[in-house]
Amino acid sequence: MNESVQSFECFGPVVSTARIREIATACSGEFALLYIRNTTVHFVHFALERMRQVMEYTGAVAVYADHFRQVGEQVQNAPVIDYQAGSLRDDFDFGSVLMVRTSALRQAVSKMDVDYRYAGLYDLRLRLSRLGALERIPEFLYTDVEDDLRKSGEKQFDYVNPRNREVQIEMEAACTAHLKAVGAWLPPVFKSVELTGGEFPVEASVVIPCRNRVGTIGDAIRSALSQKTDFEYNVIVVDDNSTDGTVDVIRSFASNPRLVYIAQDSSYHAIGGNWNAALTHPQCGRFAIQLDSDDVYSSDGTVQKFVDAFREQGCAMVIGTYQMTDFNMNPLPPGVIDHREWTPENGRNNALRINGLGAPRAFYVPLLREILFPTTKYGEDYAVVLRVCREYQIGRIYDVVYNCRRWDGNSDAALDIEKVNLNNLYKDRLRTWELEARIRMMSRKKV
(Lines give C-alpha, C1' and ligand atoms only; values in the text may rest on other atoms or scores of the structure.)
Protein backbone atom coordinates (compact mmCIF):
# COMPACT_ATOMS: atom_id res chain seq x y z
CA MET A 1 0.00 0.00 0.00
CA ASN A 2 1.23 3.50 -0.83
CA GLU A 3 2.66 5.18 2.26
CA SER A 4 0.74 8.37 1.50
CA VAL A 5 -2.58 6.62 2.11
CA GLN A 6 -4.03 7.56 5.46
CA SER A 7 -6.98 6.25 7.50
CA PHE A 8 -7.12 2.83 5.86
CA GLU A 9 -7.02 -0.46 7.66
CA CYS A 10 -7.03 -3.76 5.77
CA PHE A 11 -8.86 -6.88 6.88
CA GLY A 12 -9.65 -10.23 5.33
CA PRO A 13 -10.73 -12.62 4.18
CA VAL A 14 -14.18 -11.83 5.57
CA VAL A 15 -16.87 -14.52 5.91
CA SER A 16 -18.33 -14.88 9.40
CA THR A 17 -20.26 -12.47 11.61
CA ALA A 18 -17.66 -12.98 14.34
CA ARG A 19 -14.89 -11.79 12.02
CA ILE A 20 -16.90 -8.74 10.99
CA ARG A 21 -17.45 -7.80 14.63
CA GLU A 22 -13.72 -8.10 15.22
CA ILE A 23 -13.06 -5.78 12.28
CA ALA A 24 -15.57 -3.19 13.47
CA THR A 25 -13.99 -3.20 16.91
CA ALA A 26 -10.45 -2.94 15.55
CA CYS A 27 -11.15 -0.07 13.12
CA SER A 28 -9.71 3.27 14.16
CA GLY A 29 -9.58 5.00 10.79
CA GLU A 30 -12.29 6.48 8.61
CA PHE A 31 -12.38 3.58 6.19
CA ALA A 32 -11.84 -0.18 6.26
CA LEU A 33 -10.63 -2.13 3.23
CA LEU A 34 -12.18 -5.58 3.27
CA TYR A 35 -10.58 -8.43 1.34
CA ILE A 36 -13.58 -10.55 0.44
CA ARG A 37 -11.77 -13.27 -1.51
CA ASN A 38 -8.81 -15.35 -0.55
CA THR A 39 -6.79 -14.23 -3.58
CA THR A 40 -3.74 -12.15 -4.35
CA VAL A 41 -4.46 -8.52 -5.22
CA HIS A 42 -2.07 -6.03 -6.87
CA PHE A 43 -3.29 -2.42 -6.74
CA VAL A 44 -2.52 0.14 -9.43
CA HIS A 45 -0.79 3.31 -8.27
CA PHE A 46 -3.01 5.51 -6.10
CA ALA A 47 -5.94 3.07 -6.36
CA LEU A 48 -6.82 3.33 -2.69
CA GLU A 49 -6.61 7.10 -2.80
CA ARG A 50 -9.09 7.00 -5.68
CA MET A 51 -11.48 4.75 -3.77
CA ARG A 52 -11.35 7.07 -0.77
CA GLN A 53 -11.90 10.06 -3.05
CA VAL A 54 -15.06 8.56 -4.53
CA MET A 55 -16.29 7.77 -1.03
CA GLU A 56 -15.83 11.43 -0.11
CA TYR A 57 -17.47 12.71 -3.32
CA THR A 58 -20.54 10.52 -3.07
CA GLY A 59 -21.05 9.87 0.62
CA ALA A 60 -21.37 6.17 -0.22
CA VAL A 61 -21.21 3.64 2.56
CA ALA A 62 -18.97 1.41 0.42
CA VAL A 63 -17.20 1.38 -2.92
CA TYR A 64 -15.87 -1.34 -5.19
CA ALA A 65 -14.16 -1.21 -8.56
CA ASP A 66 -13.53 -2.75 -11.93
CA HIS A 67 -10.26 -4.64 -12.07
CA PHE A 68 -8.08 -6.95 -14.09
CA ARG A 69 -8.14 -10.74 -13.87
CA GLN A 70 -4.87 -12.60 -14.18
CA VAL A 71 -4.97 -16.24 -15.24
CA GLY A 72 -1.47 -17.61 -15.50
CA GLU A 73 0.42 -15.11 -17.61
CA GLN A 74 -2.71 -13.72 -19.26
CA VAL A 75 -4.35 -10.54 -17.94
CA GLN A 76 -7.96 -9.78 -18.87
CA ASN A 77 -10.41 -6.99 -18.13
CA ALA A 78 -12.82 -7.92 -15.33
CA PRO A 79 -15.44 -5.18 -15.07
CA VAL A 80 -18.19 -5.54 -12.47
CA ILE A 81 -21.74 -4.16 -12.55
CA ASP A 82 -23.64 -1.45 -10.71
CA TYR A 83 -25.34 -2.37 -7.45
CA GLN A 84 -29.09 -1.82 -7.25
CA ALA A 85 -31.92 -2.68 -4.89
CA GLY A 86 -32.42 -5.98 -6.67
CA SER A 87 -28.77 -7.03 -6.39
CA LEU A 88 -29.82 -9.56 -3.78
CA ARG A 89 -27.79 -12.48 -5.13
CA ASP A 90 -25.50 -13.75 -2.42
CA ASP A 91 -22.87 -14.25 -5.14
CA PHE A 92 -22.96 -10.65 -6.39
CA ASP A 93 -19.47 -9.93 -7.73
CA PHE A 94 -17.82 -6.97 -6.01
CA GLY A 95 -14.37 -8.18 -7.01
CA SER A 96 -11.84 -8.94 -4.28
CA VAL A 97 -11.94 -5.75 -2.24
CA LEU A 98 -14.65 -3.58 -0.74
CA MET A 99 -13.90 -0.25 0.91
CA VAL A 100 -16.37 0.47 3.69
CA ARG A 101 -17.01 3.62 5.68
CA THR A 102 -16.16 2.74 9.29
CA SER A 103 -19.13 4.60 10.75
CA ALA A 104 -21.51 2.64 8.49
CA LEU A 105 -19.71 -0.60 9.30
CA ARG A 106 -20.16 -0.04 13.02
CA GLN A 107 -23.78 0.97 12.61
CA ALA A 108 -24.53 -2.18 10.62
CA VAL A 109 -22.66 -4.41 13.06
CA SER A 110 -24.52 -2.93 16.02
CA LYS A 111 -27.76 -4.33 14.58
CA MET A 112 -26.45 -7.82 13.79
CA ASP A 113 -28.39 -10.26 15.93
CA VAL A 114 -27.46 -13.57 14.27
CA ASP A 115 -24.04 -15.20 14.25
CA TYR A 116 -23.42 -16.58 10.77
CA ARG A 117 -20.51 -18.83 9.90
CA TYR A 118 -20.87 -18.31 6.15
CA ALA A 119 -23.32 -15.45 5.58
CA GLY A 120 -21.65 -12.75 7.66
CA LEU A 121 -20.41 -10.74 4.69
CA TYR A 122 -23.72 -11.17 2.86
CA ASP A 123 -25.61 -9.97 5.93
CA LEU A 124 -23.24 -7.01 6.23
CA ARG A 125 -23.64 -5.77 2.69
CA LEU A 126 -27.43 -6.11 2.83
CA ARG A 127 -27.41 -4.02 5.99
CA LEU A 128 -25.04 -1.50 4.39
CA SER A 129 -27.37 -1.20 1.40
CA ARG A 130 -30.10 -0.05 3.77
CA LEU A 131 -27.82 2.70 5.10
CA GLY A 132 -26.63 4.16 1.81
CA ALA A 133 -25.15 3.54 -1.62
CA LEU A 134 -22.73 0.80 -2.59
CA GLU A 135 -20.93 2.67 -5.34
CA ARG A 136 -19.16 1.03 -8.26
CA ILE A 137 -16.06 2.77 -9.63
CA PRO A 138 -15.85 1.97 -13.37
CA GLU A 139 -12.07 2.20 -13.36
CA PHE A 140 -9.57 -0.67 -13.33
CA LEU A 141 -7.92 -0.23 -9.93
CA TYR A 142 -6.25 -3.58 -9.25
CA THR A 143 -5.33 -6.98 -10.62
CA ASP A 144 -6.94 -10.05 -9.12
CA VAL A 145 -4.91 -13.24 -9.50
CA GLU A 146 -7.64 -15.77 -10.35
CA ASP A 147 -7.55 -19.30 -8.97
CA ASP A 148 -11.02 -20.46 -10.10
CA LEU A 149 -10.42 -21.36 -13.74
CA ARG A 150 -13.75 -23.01 -14.49
CA LYS A 151 -15.97 -21.87 -17.37
CA SER A 152 -19.04 -19.74 -16.63
CA GLY A 153 -21.33 -22.69 -17.33
CA GLU A 154 -19.59 -24.71 -14.61
CA LYS A 155 -19.67 -21.94 -12.00
CA GLN A 156 -23.36 -21.10 -12.40
CA PHE A 157 -24.54 -24.17 -10.46
CA ASP A 158 -22.40 -23.61 -7.35
CA TYR A 159 -25.34 -22.19 -5.44
CA VAL A 160 -27.34 -25.43 -5.76
CA ASN A 161 -24.51 -27.85 -5.06
CA PRO A 162 -25.82 -30.16 -2.28
CA ARG A 163 -22.48 -29.86 -0.51
CA ASN A 164 -23.22 -26.16 0.04
CA ARG A 165 -26.63 -26.70 1.65
CA GLU A 166 -25.57 -25.37 5.06
CA VAL A 167 -24.26 -22.22 3.38
CA GLN A 168 -27.51 -21.79 1.49
CA ILE A 169 -29.61 -22.04 4.64
CA GLU A 170 -27.64 -19.19 6.22
CA MET A 171 -27.87 -17.08 3.07
CA GLU A 172 -31.64 -17.60 2.99
CA ALA A 173 -31.94 -16.46 6.61
CA ALA A 174 -29.97 -13.28 5.95
CA CYS A 175 -31.96 -12.46 2.81
CA THR A 176 -35.27 -13.12 4.55
CA ALA A 177 -34.31 -10.71 7.34
CA HIS A 178 -33.44 -8.07 4.75
CA LEU A 179 -36.74 -8.49 2.89
CA LYS A 180 -38.61 -8.05 6.17
CA ALA A 181 -36.58 -4.93 6.94
CA VAL A 182 -37.44 -3.28 3.60
CA GLY A 183 -41.08 -4.38 3.64
CA ALA A 184 -40.86 -6.87 0.76
CA TRP A 185 -41.23 -10.18 2.61
CA LEU A 186 -44.33 -12.13 1.65
CA PRO A 187 -46.09 -14.43 4.13
CA PRO A 188 -47.12 -17.93 2.94
CA VAL A 189 -50.60 -16.86 1.90
CA PHE A 190 -51.51 -17.48 -1.73
CA LYS A 191 -54.31 -16.86 -4.18
CA SER A 192 -56.25 -19.94 -5.16
CA VAL A 193 -56.33 -21.02 -8.80
CA GLU A 194 -59.17 -22.81 -10.58
CA LEU A 195 -57.58 -25.40 -12.85
CA THR A 196 -60.71 -26.80 -14.51
CA GLY A 197 -62.11 -23.77 -16.29
CA GLY A 198 -62.04 -23.07 -20.01
CA GLU A 199 -61.95 -25.22 -23.11
CA PHE A 200 -58.63 -26.58 -24.40
CA PRO A 201 -57.88 -28.93 -27.31
CA VAL A 202 -55.58 -31.03 -25.08
CA GLU A 203 -54.78 -31.17 -21.38
CA ALA A 204 -51.07 -30.44 -21.77
CA SER A 205 -48.56 -29.17 -24.31
CA VAL A 206 -44.83 -29.77 -24.27
CA VAL A 207 -43.25 -26.53 -25.50
CA ILE A 208 -39.88 -26.68 -27.29
CA PRO A 209 -38.52 -23.30 -28.47
CA CYS A 210 -35.49 -23.67 -30.73
CA ARG A 211 -33.04 -21.97 -33.01
CA ASN A 212 -30.16 -23.72 -34.78
CA ARG A 213 -30.23 -26.95 -32.79
CA VAL A 214 -29.87 -29.48 -35.60
CA GLY A 215 -27.75 -31.78 -33.42
CA THR A 216 -30.24 -32.01 -30.53
CA ILE A 217 -33.77 -31.05 -31.60
CA GLY A 218 -34.53 -34.58 -32.81
CA ASP A 219 -33.72 -36.05 -29.39
CA ALA A 220 -35.93 -33.48 -27.69
CA ILE A 221 -38.90 -34.11 -29.98
CA ARG A 222 -38.60 -37.90 -29.67
CA SER A 223 -38.47 -37.55 -25.89
CA ALA A 224 -41.60 -35.39 -25.90
CA LEU A 225 -43.57 -37.56 -28.32
CA SER A 226 -42.80 -40.77 -26.39
CA GLN A 227 -44.59 -39.67 -23.21
CA LYS A 228 -47.30 -41.93 -21.76
CA THR A 229 -50.31 -40.17 -20.24
CA ASP A 230 -53.93 -40.80 -19.29
CA PHE A 231 -54.93 -37.60 -21.12
CA GLU A 232 -54.39 -36.03 -24.53
CA TYR A 233 -51.30 -33.92 -25.02
CA ASN A 234 -49.35 -32.41 -27.91
CA VAL A 235 -45.86 -31.11 -28.61
CA ILE A 236 -45.46 -27.51 -29.80
CA VAL A 237 -42.11 -26.82 -31.47
CA VAL A 238 -41.43 -23.14 -32.14
CA ASP A 239 -38.56 -22.58 -34.57
CA ASP A 240 -37.08 -19.09 -34.62
CA ASN A 241 -35.62 -18.87 -38.15
CA SER A 242 -33.05 -21.67 -37.90
CA THR A 243 -30.51 -21.85 -40.73
CA ASP A 244 -28.62 -25.05 -39.90
CA GLY A 245 -31.05 -27.80 -40.89
CA THR A 246 -33.12 -27.73 -37.69
CA VAL A 247 -36.32 -27.18 -39.70
CA ASP A 248 -35.70 -30.32 -41.76
CA VAL A 249 -35.41 -32.35 -38.55
CA ILE A 250 -38.64 -30.88 -37.20
CA ARG A 251 -40.48 -31.63 -40.45
CA SER A 252 -39.33 -35.24 -40.33
CA PHE A 253 -41.83 -35.67 -37.46
CA ALA A 254 -44.69 -34.01 -39.36
CA SER A 255 -46.62 -37.25 -39.75
CA ASN A 256 -47.13 -37.48 -35.99
CA PRO A 257 -50.53 -35.91 -35.20
CA ARG A 258 -49.26 -34.71 -31.82
CA LEU A 259 -46.69 -32.38 -33.38
CA VAL A 260 -47.58 -28.69 -33.74
CA TYR A 261 -44.94 -26.78 -35.68
CA ILE A 262 -44.77 -22.98 -35.43
CA ALA A 263 -42.41 -21.21 -37.84
CA GLN A 264 -41.72 -17.70 -36.58
CA ASP A 265 -41.56 -14.74 -38.95
CA SER A 266 -38.32 -12.83 -39.42
CA SER A 267 -38.96 -10.24 -36.70
CA TYR A 268 -37.27 -10.42 -33.31
CA HIS A 269 -38.71 -13.01 -30.91
CA ALA A 270 -35.98 -14.51 -28.69
CA ILE A 271 -36.88 -17.31 -26.29
CA GLY A 272 -39.56 -15.29 -24.53
CA GLY A 273 -41.31 -14.46 -27.78
CA ASN A 274 -41.18 -18.08 -28.87
CA TRP A 275 -42.85 -19.13 -25.62
CA ASN A 276 -45.55 -16.52 -26.17
CA ALA A 277 -46.20 -17.90 -29.64
CA ALA A 278 -46.78 -21.35 -28.14
CA LEU A 279 -48.91 -20.14 -25.21
CA THR A 280 -51.23 -18.11 -27.42
CA HIS A 281 -51.53 -20.73 -30.16
CA PRO A 282 -55.06 -22.22 -30.44
CA GLN A 283 -53.62 -25.75 -30.09
CA CYS A 284 -51.97 -25.02 -26.75
CA GLY A 285 -53.20 -27.15 -23.87
CA ARG A 286 -54.30 -26.26 -20.36
CA PHE A 287 -50.79 -26.80 -19.03
CA ALA A 288 -47.55 -25.90 -20.84
CA ILE A 289 -44.48 -27.94 -19.91
CA GLN A 290 -40.94 -26.87 -20.74
CA LEU A 291 -38.46 -28.89 -22.74
CA ASP A 292 -35.36 -27.08 -24.00
CA SER A 293 -34.20 -28.01 -27.46
CA ASP A 294 -30.94 -29.57 -26.25
CA ASP A 295 -32.40 -31.54 -23.31
CA VAL A 296 -34.61 -34.62 -22.84
CA TYR A 297 -37.05 -35.90 -20.27
CA SER A 298 -35.65 -38.56 -17.96
CA SER A 299 -38.52 -40.98 -18.57
CA ASP A 300 -41.75 -41.40 -20.51
CA GLY A 301 -43.72 -40.41 -17.40
CA THR A 302 -42.59 -36.79 -17.01
CA VAL A 303 -45.63 -35.10 -18.56
CA GLN A 304 -47.98 -37.26 -16.48
CA LYS A 305 -46.11 -36.34 -13.30
CA PHE A 306 -46.48 -32.65 -14.03
CA VAL A 307 -50.20 -32.76 -14.66
CA ASP A 308 -50.66 -34.93 -11.57
CA ALA A 309 -48.72 -32.34 -9.55
CA PHE A 310 -50.98 -29.53 -10.77
CA ARG A 311 -54.06 -31.50 -9.80
CA GLU A 312 -52.77 -32.66 -6.42
CA GLN A 313 -51.11 -29.43 -5.30
CA GLY A 314 -53.62 -26.97 -6.76
CA CYS A 315 -50.90 -24.56 -7.91
CA ALA A 316 -50.42 -22.18 -10.82
CA MET A 317 -46.97 -23.47 -11.69
CA VAL A 318 -44.82 -26.54 -11.04
CA ILE A 319 -41.02 -26.82 -10.97
CA GLY A 320 -39.36 -30.20 -11.35
CA THR A 321 -35.97 -31.70 -10.54
CA TYR A 322 -33.22 -32.35 -13.05
CA GLN A 323 -30.00 -34.27 -13.44
CA MET A 324 -26.91 -32.61 -14.91
CA THR A 325 -25.49 -34.84 -17.67
CA ASP A 326 -23.08 -34.70 -20.57
CA PHE A 327 -24.31 -34.97 -24.15
CA ASN A 328 -24.61 -38.75 -23.82
CA MET A 329 -26.62 -38.55 -20.58
CA ASN A 330 -23.75 -39.51 -18.30
CA PRO A 331 -24.16 -37.74 -14.91
CA LEU A 332 -22.05 -34.63 -14.29
CA PRO A 333 -21.31 -32.69 -11.08
CA PRO A 334 -23.07 -31.34 -9.12
CA GLY A 335 -25.56 -34.05 -10.07
CA VAL A 336 -29.22 -33.77 -9.09
CA ILE A 337 -30.55 -30.21 -8.83
CA ASP A 338 -33.73 -30.22 -6.75
CA HIS A 339 -33.87 -26.61 -5.50
CA ARG A 340 -34.82 -27.45 -1.94
CA GLU A 341 -35.03 -23.73 -1.23
CA TRP A 342 -38.50 -23.78 -2.82
CA THR A 343 -40.23 -24.35 0.50
CA PRO A 344 -43.96 -23.60 0.75
CA GLU A 345 -43.21 -21.25 3.64
CA ASN A 346 -40.43 -19.13 2.15
CA GLY A 347 -39.72 -20.20 -1.42
CA ARG A 348 -41.03 -17.09 -3.11
CA ASN A 349 -38.94 -14.88 -0.84
CA ASN A 350 -35.85 -16.99 -1.40
CA ALA A 351 -36.46 -16.70 -5.15
CA LEU A 352 -35.15 -13.13 -4.95
CA ARG A 353 -31.78 -14.36 -3.67
CA ILE A 354 -30.86 -16.97 -6.26
CA ASN A 355 -30.12 -16.66 -9.97
CA GLY A 356 -32.11 -19.66 -11.14
CA LEU A 357 -35.36 -21.28 -10.13
CA GLY A 358 -35.17 -24.89 -11.19
CA ALA A 359 -36.30 -26.91 -14.20
CA PRO A 360 -38.25 -28.07 -15.95
CA ARG A 361 -41.03 -25.58 -15.40
CA ALA A 362 -44.70 -26.04 -16.19
CA PHE A 363 -47.38 -23.37 -16.26
CA TYR A 364 -51.13 -23.05 -16.01
CA VAL A 365 -51.77 -21.52 -19.43
CA PRO A 366 -54.70 -19.15 -18.67
CA LEU A 367 -52.54 -17.34 -16.11
CA LEU A 368 -49.50 -17.23 -18.39
CA ARG A 369 -51.58 -15.77 -21.19
CA GLU A 370 -52.21 -12.81 -18.88
CA ILE A 371 -48.60 -12.41 -17.76
CA LEU A 372 -46.68 -13.44 -20.91
CA PHE A 373 -42.92 -13.77 -21.19
CA PRO A 374 -40.65 -10.76 -21.79
CA THR A 375 -39.21 -10.77 -25.30
CA THR A 376 -35.65 -11.63 -24.38
CA LYS A 377 -33.26 -14.51 -24.86
CA TYR A 378 -32.08 -14.66 -21.24
CA GLY A 379 -33.92 -14.41 -17.93
CA GLU A 380 -37.37 -14.68 -19.50
CA ASP A 381 -38.22 -17.67 -17.32
CA TYR A 382 -36.92 -15.96 -14.18
CA ALA A 383 -39.13 -12.92 -14.84
CA VAL A 384 -42.25 -15.09 -15.19
CA VAL A 385 -41.55 -17.21 -12.12
CA LEU A 386 -41.01 -14.13 -9.94
CA ARG A 387 -44.30 -12.69 -11.15
CA VAL A 388 -46.23 -15.93 -10.61
CA CYS A 389 -44.89 -16.61 -7.13
CA ARG A 390 -45.68 -13.08 -5.99
CA GLU A 391 -49.28 -14.24 -5.69
CA TYR A 392 -49.48 -17.97 -6.36
CA GLN A 393 -48.02 -21.12 -4.88
CA ILE A 394 -45.31 -22.93 -6.82
CA GLY A 395 -45.71 -26.70 -6.85
CA ARG A 396 -42.74 -29.04 -6.71
CA ILE A 397 -41.66 -32.43 -8.03
CA TYR A 398 -38.59 -33.77 -6.24
CA ASP A 399 -38.14 -36.82 -8.46
CA VAL A 400 -35.71 -36.38 -11.36
CA VAL A 401 -37.86 -35.75 -14.43
CA TYR A 402 -35.38 -34.07 -16.76
CA ASN A 403 -31.85 -34.50 -18.09
CA CYS A 404 -30.09 -31.15 -18.54
CA ARG A 405 -27.34 -31.83 -21.04
CA ARG A 406 -24.17 -29.74 -20.87
CA TRP A 407 -22.08 -29.51 -24.01
CA ASP A 408 -20.00 -26.97 -25.86
CA GLY A 409 -22.99 -25.89 -27.93
CA ASN A 410 -25.03 -24.74 -24.93
CA SER A 411 -25.70 -21.02 -25.13
CA ASP A 412 -24.34 -20.48 -21.60
CA ALA A 413 -21.52 -23.03 -21.56
CA ALA A 414 -18.62 -20.55 -21.66
CA LEU A 415 -19.59 -16.89 -21.66
CA ASP A 416 -17.17 -13.99 -21.62
CA ILE A 417 -17.23 -11.56 -18.71
CA GLU A 418 -19.18 -8.89 -20.61
CA LYS A 419 -21.98 -11.35 -21.42
CA VAL A 420 -22.08 -12.68 -17.86
CA ASN A 421 -22.35 -9.10 -16.60
CA LEU A 422 -25.17 -8.27 -19.00
CA ASN A 423 -27.08 -11.35 -17.90
CA ASN A 424 -26.58 -10.62 -14.21
CA LEU A 425 -27.46 -6.95 -14.64
CA TYR A 426 -30.75 -7.93 -16.29
CA LYS A 427 -31.70 -10.39 -13.57
CA ASP A 428 -30.81 -7.81 -10.92
CA ARG A 429 -33.12 -5.40 -12.72
CA LEU A 430 -35.91 -7.99 -12.71
CA ARG A 431 -35.37 -8.40 -8.97
CA THR A 432 -35.47 -4.64 -8.47
CA TRP A 433 -38.82 -4.38 -10.25
CA GLU A 434 -40.20 -7.36 -8.35
CA LEU A 435 -38.93 -5.97 -5.05
CA GLU A 436 -40.68 -2.68 -5.72
CA ALA A 437 -43.90 -4.47 -6.68
CA ARG A 438 -43.86 -6.54 -3.51
CA ILE A 439 -43.18 -3.54 -1.31
CA ARG A 440 -46.15 -1.73 -2.85
CA MET A 441 -48.34 -4.81 -2.51
CA MET A 442 -47.51 -5.23 1.17
CA SER A 443 -47.97 -1.50 1.81
CA ARG A 444 -51.49 -1.63 0.38
CA LYS A 445 -52.36 -4.56 2.63
CA LYS A 446 -51.32 -2.59 5.71
CA VAL A 447 -53.61 0.33 4.90
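Helices here are DSSP runs of H or I with at least four residues, strands are runs of E with at least two, and both are numbered from the N terminus. What I am showing is a predicted model, in which local features need pLDDT of at least 70 and side-chain atom pairs count only at pLDDT 80 or more, while totals for chains, interfaces and linings use all residues. Residues are numbered from 1 along each chain as its sequence is written, and side-chain values use heavy atoms, with hydrogens and water left out.

I will start with Arg353. It sits in the loop that runs between α11 (347-350) and β15 (361-364). Is Arg353 buried or exposed? It is buried, at a relative accessible area of 2%; buried means under 20%, exposed over 50%, and partly exposed in between, with a 1.4 Å probe and protein chains only.

Now its surroundings. Setting aside neighbours within four places in sequence, Arg353 is in contact (heavy atoms within 4.5 Å) with Leu88, Arg89, Asp90, Tyr122, Gln168, Met171, Glu172 and Cys175. With Gln168, the Arg353 side chain makes a side-chain polar contact of 2.8 Å. A polar contact is a pair of N or O atoms within 3.5 Å; within protein, one must be able to donate a hydrogen and the other to accept it, and residues adjacent in sequence count only if both atoms are side-chain atoms.

Next, salt bridges. Side chains of opposite charge can pair when their charged atoms come close. The criterion is a side-chain nitrogen of Lys or Arg within 4 Å of a carboxyl oxygen of Asp or Glu. Searching the whole structure gives 28 of them.

I have picked out some of these. One of them joins Glu30 and Arg101, at 3.9 Å from N to O. Glu30 is in the loop between α1 (17-26) and β2 (31-35) and Arg101 is in strand β6 (residues 97-101), so this pair ties together parts 71 residues apart in sequence. Glu30 is partly exposed at 39%, whereas Arg101 is buried at 16%.

Another salt bridge is Glu139 with Arg50, 2.8 Å from N to O. Since Glu139 belongs to strand β7 (residues 134-145) and Arg50 to helix α2 (residues 47-58), the parts tied together are 89 residues apart in sequence. Glu139 is partly exposed, at 26%, and Arg50 is partly exposed, at 26%.

Lys305 and Asp399 also form a salt bridge, at 3.9 Å, N to O. This links helix α10 (residues 302-313), which holds Lys305, to strand β16 (residues 394-405), which holds Asp399, across 94 residues.

Last, a network of salt bridges links Arg89, Asp91, Asp428 and Arg431.
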